[in-house]
Amino acid sequence: FGPFVSTPDNPVRFFRTSAAAPHAAAVAALTLQSGRGRVDARLVPFLLRQTARPLDNPETPIVDPGFNAVAGFGLIDAVAAVRQVSAPPAPATGAS
C-alpha cells in the first residue's frame, strides 16, 4: 500500500468508500439515537439517501438529483437526517 507518511511530493490520500463508511455509520447511529426508538433501523439507509445533498456529476450539464455514478446519492447531511427523526410526531387526526 505504500508509505502512510504524507510528504509534499506524496500526500496520503484517504477518500471514497473507505473514508465515507465510518462517517455514514456514525450518522446512522446518531439518527437512531435521535429517533428515540421511533425509527426502524431498516429505514435508516433510505433516510440517509433522502436527506443527502446532491453532488454534481461533471459529465452532465446539471446537478443530478438522486443517484449518479460519480457521486452516488450525494453528500451525507447529518443535520438533515437528525432533524427528520427529531421532529415531533404529527398529531393524530380523526374521530376520538
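Start by selecting Val 27, Ala 28, Val 44, Leu 48 and Ala 81: these five make up the largest nonpolar core, meaning buried Ala, Val, Leu, Ile, Met, Phe, Trp, Tyr and Cys residues joined through side-chain atoms within 4.5 Å. Buried here is under 20% relative accessible area (1.4 Å probe, protein chains only). Helix 1 and helix 2 each supply at least two residues of this core; helices are DSSP runs of H or I, at least four residues, numbered from the N terminus.

A word on the model: it's predicted, so local features need pLDDT of at least 70 and side-chain atom pairs pLDDT 80 or more, while totals for chains, interfaces and linings use all residues. Residues are numbered from 1 along each chain as its sequence is written, and side-chain values use heavy atoms, with hydrogens and water left out.

Now click Ala 81. Skipping neighbours within four places in sequence, Ala 81 is in contact (heavy atoms within 4.5 Å) with Val 27, Thr 31, Leu 47, Leu 48 and Thr 51.

Next, select helix 2, residues 44-51, and colour its buried residues: Val 44, Leu 47, Leu 48 and Thr 51. Look down the axis of helix 2 and they fall within an arc of 100° (directions from the axis to the C-beta atoms), so they line one face of the helix. Which helices do they pack against? Show helix 1 (17-34) and helix 3 (78-86): the buried residues of helix 2 pack against both.

Key. Buried < 20%, exposed > 50% of the residue type's maximum accessible area, 1.4 Å probe, protein only.
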